[in-house]
Amino acid sequence: MMNIGLLVIRLVIGLLFIGHGAQKLFGWFGGYGVKGTGGWFESIGMKPGIAMAIFAGLGELIGGILFATGLLTPIGGILIAGTMVMAIIKVHGANGLWATANGYEYNLTVLAIAIGIALIGPGAYSLDALFF
(Lines give C-alpha, C1' and ligand atoms only; values in the text may rest on other atoms or scores of the structure.)
Protein backbone atom coordinates (compact mmCIF):
# COMPACT_ATOMS: atom_id res chain seq x y z
CA MET A 1 0.00 0.00 0.00
CA MET A 2 2.94 2.34 0.63
CA ASN A 3 3.85 2.22 -3.07
CA ILE A 4 0.31 3.17 -4.07
CA GLY A 5 0.42 6.05 -1.58
CA LEU A 6 3.69 7.32 -3.04
CA LEU A 7 2.23 7.06 -6.54
CA VAL A 8 -0.84 9.09 -5.55
CA ILE A 9 1.32 11.80 -3.95
CA ARG A 10 3.67 11.93 -6.95
CA LEU A 11 0.84 12.09 -9.47
CA VAL A 12 -1.11 14.84 -7.70
CA ILE A 13 1.90 17.07 -7.07
CA GLY A 14 3.58 16.28 -10.39
CA LEU A 15 0.50 16.87 -12.52
CA LEU A 16 -0.31 20.10 -10.72
CA PHE A 17 3.21 21.36 -11.39
CA ILE A 18 3.00 20.36 -15.03
CA GLY A 19 -0.08 22.59 -15.12
CA HIS A 20 1.67 25.45 -13.33
CA GLY A 21 4.56 25.27 -15.80
CA ALA A 22 2.16 25.20 -18.75
CA GLN A 23 0.40 28.28 -17.37
CA LYS A 24 3.66 30.22 -17.29
CA LEU A 25 5.12 28.93 -20.56
CA PHE A 26 2.07 28.52 -22.82
CA GLY A 27 -0.79 30.41 -21.16
CA TRP A 28 -2.74 27.17 -20.73
CA PHE A 29 -5.19 26.47 -17.88
CA GLY A 30 -5.92 30.15 -17.30
CA GLY A 31 -2.27 31.18 -17.19
CA TYR A 32 -0.75 34.33 -18.65
CA GLY A 33 2.04 32.82 -20.74
CA VAL A 34 5.63 33.96 -20.76
CA LYS A 35 4.89 37.63 -21.50
CA GLY A 36 2.19 38.03 -18.86
CA THR A 37 4.07 36.09 -16.22
CA GLY A 38 7.26 37.94 -17.12
CA GLY A 39 5.51 41.27 -16.65
CA TRP A 40 4.25 40.20 -13.24
CA PHE A 41 7.73 38.96 -12.29
CA GLU A 42 9.15 42.35 -13.28
CA SER A 43 6.53 44.06 -11.09
CA ILE A 44 7.76 42.16 -8.02
CA GLY A 45 11.42 42.85 -8.79
CA MET A 46 12.38 39.65 -10.59
CA LYS A 47 14.33 40.82 -13.60
CA PRO A 48 14.57 40.10 -16.46
CA GLY A 49 10.94 39.05 -16.14
CA ILE A 50 10.57 37.00 -19.31
CA ALA A 51 13.75 35.01 -18.63
CA MET A 52 12.65 34.41 -15.04
CA ALA A 53 9.22 33.27 -16.26
CA ILE A 54 10.87 30.82 -18.65
CA PHE A 55 13.12 29.45 -15.89
CA ALA A 56 10.22 29.15 -13.44
CA GLY A 57 7.95 27.57 -16.04
CA LEU A 58 10.58 25.07 -17.12
CA GLY A 59 11.40 24.22 -13.51
CA GLU A 60 7.74 23.53 -12.81
CA LEU A 61 7.05 21.69 -16.06
CA ILE A 62 10.16 19.50 -16.04
CA GLY A 63 10.03 19.02 -12.28
CA GLY A 64 6.38 18.00 -12.55
CA ILE A 65 7.05 15.52 -15.35
CA LEU A 66 9.96 13.92 -13.49
CA PHE A 67 8.02 13.82 -10.22
CA ALA A 68 4.81 12.39 -11.70
CA THR A 69 6.61 9.67 -13.65
CA GLY A 70 9.08 8.93 -10.88
CA LEU A 71 12.01 9.42 -13.23
CA LEU A 72 15.11 10.98 -11.67
CA THR A 73 12.81 11.75 -8.76
CA PRO A 74 15.36 13.63 -6.62
CA ILE A 75 15.94 16.08 -9.49
CA GLY A 76 12.19 16.54 -9.97
CA GLY A 77 11.81 17.13 -6.24
CA ILE A 78 14.62 19.68 -6.22
CA LEU A 79 13.10 21.58 -9.17
CA ILE A 80 9.70 21.72 -7.46
CA ALA A 81 11.26 22.64 -4.11
CA GLY A 82 13.28 25.41 -5.76
CA THR A 83 10.21 27.03 -7.25
CA MET A 84 8.49 26.86 -3.86
CA VAL A 85 11.44 28.46 -2.08
CA MET A 86 11.37 31.33 -4.58
CA ALA A 87 7.59 31.69 -4.15
CA ILE A 88 8.07 31.95 -0.40
CA ILE A 89 10.93 34.44 -0.66
CA LYS A 90 9.53 36.68 -3.40
CA VAL A 91 5.74 36.49 -2.97
CA HIS A 92 4.26 34.83 0.12
CA GLY A 93 6.83 35.06 2.93
CA ALA A 94 6.03 38.60 3.99
CA ASN A 95 2.37 37.65 4.44
CA GLY A 96 3.01 35.12 7.20
CA LEU A 97 2.22 31.42 7.29
CA TRP A 98 -1.48 31.09 6.62
CA ALA A 99 -2.87 30.80 3.09
CA THR A 100 -5.94 32.78 4.16
CA ALA A 101 -3.66 35.83 4.28
CA ASN A 102 -1.81 34.88 1.03
CA GLY A 103 0.93 33.36 3.18
CA TYR A 104 3.31 30.51 2.42
CA GLU A 105 1.36 27.61 3.97
CA TYR A 106 0.71 25.93 0.58
CA ASN A 107 4.26 26.52 -0.63
CA LEU A 108 5.73 25.04 2.55
CA THR A 109 3.47 21.99 2.27
CA VAL A 110 4.53 21.33 -1.33
CA LEU A 111 8.16 21.96 -0.38
CA ALA A 112 7.95 19.32 2.37
CA ILE A 113 6.32 16.80 0.03
CA ALA A 114 8.86 17.37 -2.74
CA ILE A 115 11.85 17.03 -0.43
CA GLY A 116 10.30 14.10 1.43
CA ILE A 117 9.67 12.09 -1.73
CA ALA A 118 13.09 13.03 -3.13
CA LEU A 119 14.69 11.63 0.04
CA ILE A 120 12.65 8.45 0.51
CA GLY A 121 12.25 7.59 -3.15
CA PRO A 122 9.34 7.35 -5.57
CA GLY A 123 8.24 3.80 -4.75
CA ALA A 124 7.85 0.68 -6.85
CA TYR A 125 5.43 2.25 -9.36
CA SER A 126 7.94 4.60 -10.92
CA LEU A 127 10.34 4.81 -13.82
CA ASP A 128 13.22 4.99 -11.34
CA ALA A 129 12.24 1.55 -10.02
CA LEU A 130 12.01 0.24 -13.58
CA PHE A 131 15.34 1.63 -14.81
CA PHE A 132 17.48 1.77 -11.69
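Select helix α4 and display the largest pocket: α4 contributes the most residues to the lining of that pocket, with eight. The helix names used on this tour follow DSSP runs numbered from the N terminus, where a helix is a run of H or I of at least four residues and a strand a run of E of at least two. The model is a predicted one, in which local features need pLDDT of at least 70 and side-chain atom pairs count only at pLDDT 80 or more, while totals for chains, interfaces and linings use all residues. Residues are numbered from 1 along each chain as its sequence is written, and side-chain values use heavy atoms, with hydrogens and water left out.

**The largest pocket**

Remain with the pocket and colour its lining. The largest pocket is lined by 26 residues, and K24, W40, F41, E60 and A87 are those nearest its centre. Two or more lining residues come from each of α1, α2 (33-43), α3 (49-69), α4 and α5. The volume of the largest pocket is about 610 Å³. A pocket is found on a 1 Å grid over the protein atoms alone: it is an open set of points where a 1.4 Å probe fits, with protein on both sides within 12 Å along at least five of seven lines, and a lining residue has an atom within 4 Å of a point; a cavity, by contrast, is a set of points from which the probe cannot get out. Grid points are joined across faces, edges and corners, and the volume is the space filled by probe spheres set on the points.

Colour the lining by class next. It holds 13 nonpolar, 10 polar and three charged residues. Here Ala, Val, Leu, Ile, Met, Phe, Trp, Tyr, Cys and Pro count as nonpolar, Asp, Glu, Lys and Arg as charged, and the others, Gly among them, as polar.

Select E60, which is found in helix α3. E60 is buried, with a relative accessible area of 6%; buried means under 20% relative accessible area, exposed over 50%, and partly exposed in between, with a 1.4 Å probe and protein chains only. Leaving out residues up to four places away in sequence, E60 touches F17, I18, H20, G21, K24 and T83, where contact means heavy atoms within 4.5 Å.

From E60, move to its partner F17. Beyond its neighbours within four places in sequence, F17 is in contact with E60, L61, G64, I80, T83, M84, Y106 and V110.

Now show the largest nonpolar core, which has 13 residues; I13, F17, F67, I80, M84, V110 and L111 are those with the most contacts inside it. Such a core is a set of buried Ala, Val, Leu, Ile, Met, Phe, Trp, Tyr and Cys residues joined through side-chain atoms within 4.5 Å. At least two of the core residues come from each of α1 (2-26), α4 (73-92) and α5 (105-120). The most are given by α4, with five residues.

Return to α4 and select its buried residues: T73, G76, G77, I80, A81, T83, M84, A87, I88 and H92. Viewed down the helix axis, these residues fall within an arc of 160°, so they line one face of α4; the arc is that of the directions from the helix axis to the C-beta atoms. They pack against α1, α3, α5 and α6 (127-131). On the face turned away from this buried side, select the exposed residues I78 and I89.

Zoom in on T73 in α4. T73 is buried, at a relative accessible area of 0%. Residues up to four places away in sequence aside, T73 touches F67, I117, A118, P122 and D128. Draw a distance from T73 to G121: the two are 48 residues apart in sequence and 7.0 Å apart in space, C-alpha to C-alpha.

**Stops in the loops**

Select L72, in the loop between α3 and α4. L72 has a positive phi, near 50°, in a residue other than glycine, and counts as partly exposed at 37% relative accessibility.

Go on to F29, in the loop between α1 and α2. F29 is not a glycine, yet its phi is positive, at about 55°. F29 is exposed, with a relative accessible area of 62%.

End at P48, in the loop between α2 and α3. The peptide bond from K47 to P48 is cis, with omega near -5°.
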